[in-house]
Amino acid sequence: MSGYDFHAIEGRWQQHWETRGTFRTPNPGDPGFDPRRPKYYVLDMFPYPSGVGLHVGHPLGYIATDVVARYKRMRGFTVLHPMGFDAFGLPAEQFAVEHGVHPRVTTEQNIATMIRQLKRLGLSYDWDRCLATTDVRYYKWTQWIFLQLYDSYFDPRELKARPIRRLVHRLESGELVVGPGNRLVAREASADPSNIGEAPPAGARPWRALSQAEQEGVLAEHRLAYLAEVPVNWCPALGTVLANEEVTNEGRSERGNHPVHKRPLRQWMLRITAYGERLAEELELVDWPEPVKLMQRNWIGRSEGALVDFPVHGRGETLRVFTTRPDTLGGATYMVLSPEHPLVELIATADQRDAVQRYRTEAQSRSDVERMAQAKAKTGVFTGAHAVNPVTGEKIPIWIADYVLMGYGTGAIMAVPAHDERDFQFAGQFALPIRAVVMADDAWLARRAVTPPGESGVDARPTAVSIGALRQRYREAPASFGEAFVGDGIAINSATREVSLDGLSTPVAQQTITAWLEATGRGRKTVQYKLRDWLFSRQRYWGEPFPMLHGPGGEIRTVDENDLPVELPAMQDFRPTVSDDAQAPPRPPLGRAPESWRYVLLDGVRYQRELNTMPQWAGSCWYYLRFLDPRNDRELVDREVERYWMRPRTEGPAGVDLYVGGVEHAVLHLLYARFWHKVLHDLGHVSTPEPFGRLFNQGYIQAYAYQDARGIYVDAARVETRDGRYSYQGTPVTRTLGKMGKSLRNAVSPDEVCEQYGCDTMRLYEMYMGPLDASKPWETRDIIGMHRFLQRVWRNFVADPREAGTPAGADARAETLRVTDVAPTTEQLRLVHKTVKSVTGSMEQLKFNTAIAALIDLNNEMVGWATIPRAVAAPFVLMLAPLAPHLAEELWRGLGHDASLAYEAWPRWEEGLATDAQIQMAVQVMGKLRSRITVPADADEQAAETAALADIKVRASLAGKTIRRVIVVPGKLVNIVTG
């Protein structure tokens, strides 16, 4: 060939790997499995199969994990490196609806396109393990996991999931009884640490006294998967419920920009809140970036406080609130319920019922973000009802307001306007009383005191008299200070006949009032989380069917495990039923499925299948487990196989050894997957407490995007540049830097890059752009630098075929190599050992850009050599292999090897050769550089000083001067101080 023919080389080696199954990974018990080799499981966050295929930003993480996988194989590891597709979900269904094509057809076409693109990049996946969440054999086990969740509860004694039959046994044996609100209480209070009373509460009933429907209701309160009527984000134009992350801050759908309304719907929920404490605490078990751990902890939002019961005056109902500041109960002057609270309709008085209903309807049209915004004006409506403050005994009004959400806490708050800013604003808006129960500190009082008209203001350092006056004024009229005091302090105005907190510091007051609440049965200490239970239903077609059946009387029955999977029915019309009416009842597409699918006859009873489907998150919660044993139809994963791949190596955390993906998945995907994994671990199906041992977030590849005067993005490839200005079809446009993608119309196809430069060039360029975890801009014109590097490698190793007389298109073995068996010089040997040490260190730290830089340096050194010693050539090719595998394989074969280098041993270095025998040190006189000296690498301070003083240039600089002091920085410099 006339030069570096990357098309021929890459095509030849990709075919070689595929036909020989080079990267097929055996499991324990499979032929070729070697139990002596350590394991390494490296995994990408698997992609959604988009209709437009990959752009060059997508493979950044995939190339990085491939470099790791190839490197680890050469270090002697058995490497598992699989790939699959997160293929269910709203985008695929919307595309299918818009184009009149079944989503399975478009999904499978998209997957085929992406597999072709990924294979062209030379990624060393074990394609035999490839899967998609839409595969029936896959979602059979997604449904099976849902059944495990449904048939389990969280045991507060063990802090673990346990089979629901154990709970039933404890109830049937009389160990537990059912208290008010379906709360389970130990018959002997001391036997259950979660019980706060000295005896079972009045009204507790034994299990046998409950009807079957009541028993199922009790179990539903504790199952990890349960049906509940909850306020949801309902988008009538899309005909489905949306997750919070699918709704914009403006209260519209992220897809299509349609209005989204809050409304109650009966939905499947997953009780992730039961795992809040473990999800937060067990982050210590994993090697993850600290910012990701912080994001998860903030999302979980652990709060210590108390549950307090407020009786509704004149009625039998009780409002339970959660507060982190029970010491401020004396300052609770009103209550606020979420508009969605189930007691609102019951307690609203006749004269307020219409106003309450109007407000509830208005609140449904606002997103949670809008409702919680601090800046917005506070709105609300009085229900006409009152509650009794359990500490003061006062009647206080009950309002509803949209700044209280049903999903956090209990959906009800005690409003303490003197010590909560939103409550303060609300009280000011509606002229509600404000009572201070914590004395503000002196500095706060001085800064916020309102200046009476005609006076100059409050001295920044007031006298004792003025401070005393401010304290008295705050005690009597806290509203005059203009805002709430939210800090700690000394309790005031907090004494009743039963309990007094006056004079106590906030921590002591909290302990005192909590103990009093527990002793009087009016509340208890507890921990709550901002984390909400997981809304798990979608009114769509393209998702996993639930393995659940509904009986004629509302009873629920699970599909038998032997009857899984419940397959999606073939439907011509899978469109959701859309509407302009936010109150129209949901009509899932599966409601139009054939009756033969919708109805099941069991034991003479006609059941209807669940017509909702699971969300896209379901399949992505556990795919890392299915990759371990993807063809197993008998169980989720073989236990021996799971233990082998998921148990920790000799050191490091358990789980996937390296999980690489974008930081945008820091919370939801990772939190949901951890929740499912912990349940499976508790039930004995997996052997590790965490799914992902080490997490690495790669940065983004950015690209310039261009907008016209309307703010609309135009095709970046068609923008022209002239004199530093940009235009599109003759019209000026503005340039910004953003994340590459179709929405900004700035995507660059990897197919184009591979066609022009080869995939080895693209791999090197993406790894060389900068640190892997940093975002960096794509510049197509810079790719040529990496291409020239590979061309130079080829020229260093392969003689010009025109001189050698070899035919065009021949491989490297037929070429004349410039590699000889001549022993390398000492300098050449030192150079290669230093490079091996440097590249190895960079590989271990995922610093691929510095590894490439070291290889470029070594290659540049080889340019001037007449021939390359084999002792230098072989290590160079092996180090190049993870980064540019096709060229490396070609050169390796040229060096006389028949087998692929994929499993060749990584080169080693000798420390003595990797360290310079001599080093250079700078010599300064009075801080100014005067010379450089060469000394042995192990020279001590005296030797360095002697060499510096003997240098001719230094001696000239010291002529006529007196040396006062010589400072030696070992290995770096000598500084001579003169007087």
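A nonpolar core is a set of buried Ala, Val, Leu, Ile, Met, Phe, Trp, Tyr and Cys residues joined through side-chain atoms within 4.5 Å. Buried means under 20% relative accessible area, exposed over 50%, and partly exposed in between (1.4 Å probe, protein chains only). The model is predicted: local features need pLDDT of at least 70, side-chain atom pairs count only at pLDDT 80 or more, and totals for chains, interfaces and linings use all residues. Residues are numbered from 1 along each chain as its sequence is written, and side-chain values use heavy atoms, with hydrogens and water left out.

**View 1. The nonpolar cores.** The largest nonpolar core holds 183 residues. Those with the most contacts inside this core are Tyr41, Phe536, Trp676, Met767, Trp778, Phe797 and Phe848. Apart from it lies another core, of 43 residues, with Ala306, Val321, Ala385 and Ile400 among them. In soluble globular proteins, nonpolar side chains tend to be buried together.

**View 2. The surroundings of Phe797.** Contact means heavy atoms within 4.5 Å. Leaving aside neighbours within four places in sequence, Phe797 is in contact with Thr816, Leu817, Arg818, Val819, Met862, Ile868, Ala873, Phe876, Val877 and Leu891. Helices (H or I, at least four residues) and strands (E, at least two) are DSSP runs, numbered from the N terminus. Helix α28 (residues 870-880) is mostly covered, with 9 of its 11 residues buried. Among the buried residues of α28 are Ala873, Phe876 and Val877.

**View 3. A parallel sheet with β1 inside it.** Two strands pair if DSSP finds at least two bridges between them. Four strands, in the order β2-β1-β26-β27, form an open sheet with parallel pairing. β2 (78-80) and β27 (695-697) stand at the edges with a single partner strand each, so one side of each has no neighbour in the sheet. Neighbouring strands of this sheet are turned by 20° against each other on average, direction ignored. Axes are lines fitted to C-alpha atoms, for helices over the stretch in contact, and angles run from 0 to 180 degrees between N-to-C directions. Strand β1 (residues 39-44) is joined to β2 by 3 bridges, and Tyr41 has Leu80 in β2 as its bridge partner. Because 6 of the 6 residues of β1 are buried, β1 is largely enclosed by the rest of the structure. Lys39, Tyr41 and Leu43 point one way from β1, while Tyr40, Val42 and Asp44 point the other way. Helix α20 (residues 639-646) lies across β1 and β2 and runs at about 85° to β1.

View 4. Asn27 sits in the loop between α1 (6-20) and β1. Its relative accessibility is 7%, so Asn27 counts as buried. Not counting residues up to four places away in sequence, Asn27 touches Phe33, Arg129, Leu628, Asp629, Val641 and Trp645.

**View 5. An antiparallel sheet.** This open sheet has 4 strands in the order β23-β22-β25-β24, and the pairing is antiparallel. The edge strands are β23 (556-558) and β24 (599-602); each has a single partner strand, so one side of each is left without a neighbour in the sheet. On average, neighbouring strands here are turned by 40° against each other, direction ignored. β24 is joined by 4 bridges to strand β25 (residues 605-609), where Arg606 is the bridge partner of Leu601.

View 6. Helix α22 (residues 750-757) and helix α23 (residues 759-768) have axes that come within 7 Å and cross at roughly 115°. Pro750, Val753, Cys754 and Tyr757 of α22 make the contact with Cys759, Thr761 and Met762 of α23. By class, this contact has 6 nonpolar, 1 polar and no charged residues. Ala, Val, Leu, Ile, Met, Phe, Trp, Tyr, Cys and Pro count as nonpolar, Asp, Glu, Lys and Arg as charged, and the others, Gly among them, as polar.

**View 7. Pro417 in its loop.** Pro417 lies in the loop between β17 (412-415) and α13 (421-430). At 0% relative accessibility, Pro417 counts as buried. Among the residues that Pro417 touches, not counting those up to four places away in sequence, are Gly331, Tyr334, Phe424 and Ile434.
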